[in-house]
Amino acid sequence: MSIISSKNFKLLANPLNLENPVTVQILGICSALAVTTKLKPAIVMGLSVIVVTAFSNLAISAMRQYIPPRIRIIVQLVVVASMVILVDQLLRAFVYDVSKQLSVYVGLIITNCIIMGRLEAFAMGNKPWPSFMDGIGNGIGYSIILIVVAFIRELFGSGAILGFQVVPQSFYDAGYINNGMMIMPTMALVLVGVIIWIQRSFNKELIEKE
Amino acid sequence: MKNFSNTYIFIFSIVMVVIVALMLSLAAMQLKPFQDKNIEIEKKQNILASIRIKSTVKDAVDLYGKYITDSYVLNNKGERQEGVEAFTVELKNELGKPALERLLPVYVGTLDNQSKAYVMPLRGKGLWGPIWGYISLQPDMNTVYGSVFDHQGETPGLGAEISTEWFQKPFIGKTIFKDSTEFVSIKVLKGGAKKDDPHAVDAISGGTITSKSLEAMLDSCLVQYKPYFIQNRHK
């Protein structure tokens, strides 16, 4: 089996669109609203979730034969929680300003439904490598939505991209003002809604039958 | 599905917990120095910002060494306490103690024109979580030289505005004593402060609770220094 066979590639690519955790499975909305006022925390949050989903999928899948079914949820929680604590500690040590902005939401990755969902639905029944791919795919699917939402919110809410001012001063002099609504979590929900709408208008199979 | 005996389940859990605990404590110990360094740099940057000196993560330590020339700890009568390093005093812990036992840190900044500024740390409760900051006074121990505020999770765009320049700047030049004897602190007024009011600044529209909390924080933290302020006025 090659490293990335067509089956494994599907595991990686499906969560980006047709099985996107945020817009199709509607998981992880809470953090998607909270950390998307600026692009940088959204990117770091996305990376953290990719790392946690990928490696907890890998770990659970590697020991799936040995996990007693009766305590499997506890085992999954322990694995996810320790991954998250590791990520949190690393962020605090090396990207302190971002970890301050993410504040409690890094800790809340533990309760992010995407991760437990993938462990239970995929990693418990599949080999480590496909599980790892599935984890990365779902992590990226989540990150893409976060990054798109954060891009729009930072551009219109603060007139900047990654902290660099992109709306020129002359615009402000001419009466342009940043949209304060964009900074509120409400707008993130509206944006996620718009993304779901756009996605469904391109993928008719996602629309529910009456 | 395989059937696992109870003994297996117990052993599995114990082994798992021990491995995870070892891994996490090892990681925490290895990363602790980096994390402490970050917290120290942030504190130094804040203290520098309160005497209106901009610093970056890279030059904060050097600038702190250059501008903060002295620091000491007071008790609530304004007497210096020996044997305590001001920088290591955690205001969060001090506020948990009875008022008489609290240690009150003061940082003395020497500015480029050789005049001094006295920095007092502040801490209080905001709407959603703690708010904190530093305020510096001119040698008359009355006029505000600069201030910096920060928060953990105030509402973005509303209460969170306390950490922005437009909110902090009006504090400069305000005075905390009325007729040089009565301690009045600085009020944060909803609807805007009068232009010539020397003891008040504008509150944040939509951030009333955070504004009021900040006012309370200024009052409760600074009033503890009152004896020190009165004894140490420099002309």
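Between chain B and chain A there are 6 residue pairs in polar contact, counting pairs where both residues have pLDDT 80 or more. Helix α1 (residues 6-50) of chain B gives the most to the side of chain B that touches chain A: 17 residues. By class, this side of chain B has 16 nonpolar, 6 polar and 3 charged residues. Keep in mind that this is a predicted model.

Now take in the whole interface. Here 25 residues of chain B are in contact with 21 residues of chain A. Together the two chains bury about 2100 Å² between them. Of that area, 73% is on carbon and sulfur atoms. How many salt bridges are there between chain B and chain A? The count is 0.

Next, look at confidence in chain A. Its average pLDDT is 85, and 97% of the residues score at least 70. Confidence in chain A is highest in helix α8 (residues 128-158), at a mean of 91. It is lowest in helix α6 (residues 104-107) of chain A, at a mean of 78. Where pLDDT is low, predicted coordinates should not be read in detail.

Finally, go to one residue in chain B. Phe183(B) sits in strand β8 (residues 182-183) of chain B. Is Phe183(B) buried or exposed? Phe183(B) counts as buried because its relative accessibility is 12%, and the cut-off for buried is under 20%. Leaving out residues up to four places away in sequence, Phe183(B) touches Ile176(B), Phe177(B), Asp219(B), Leu222(B), Val223(B) and Lys226(B). Asp197(B) lies 14 residues from Phe183(B) along the chain, and 15 Å separates their C-alpha atoms.

Technical notes
Residues are numbered from 1 along each chain as its sequence is written. Chains are lettered from A and ligands numbered from 1 in the order in which they are written. This is a predicted model: local features need pLDDT of at least 70, side-chain atom pairs count only at pLDDT 80 or more; totals for chains, interfaces and linings use all residues. Side-chain values use heavy atoms; hydrogens and water are left out. Contact means heavy atoms within 4.5 Å. Buried area is the accessible area (1.4 Å probe) that two parts lose on being put together, summed over both. A salt bridge is a side-chain nitrogen of Lys or Arg within 4 Å of a carboxyl oxygen of Asp or Glu. A polar contact is a pair of N or O atoms within 3.5 Å; within protein, one must be able to donate a hydrogen and the other to accept it, and residues adjacent in sequence count only if both atoms are side-chain atoms. Helices (H or I, at least four residues) and strands (E, at least two) are DSSP runs, numbered from the N terminus. Ala, Val, Leu, Ile, Met, Phe, Trp, Tyr, Cys and Pro count as nonpolar, Asp, Glu, Lys and Arg as charged, and the others, Gly among them, as polar. pLDDT is the predictor's confidence in each residue, from 0 to 100. Buried means under 20% relative accessible area, exposed over 50%, partly exposed in between (1.4 Å probe, protein chains only).
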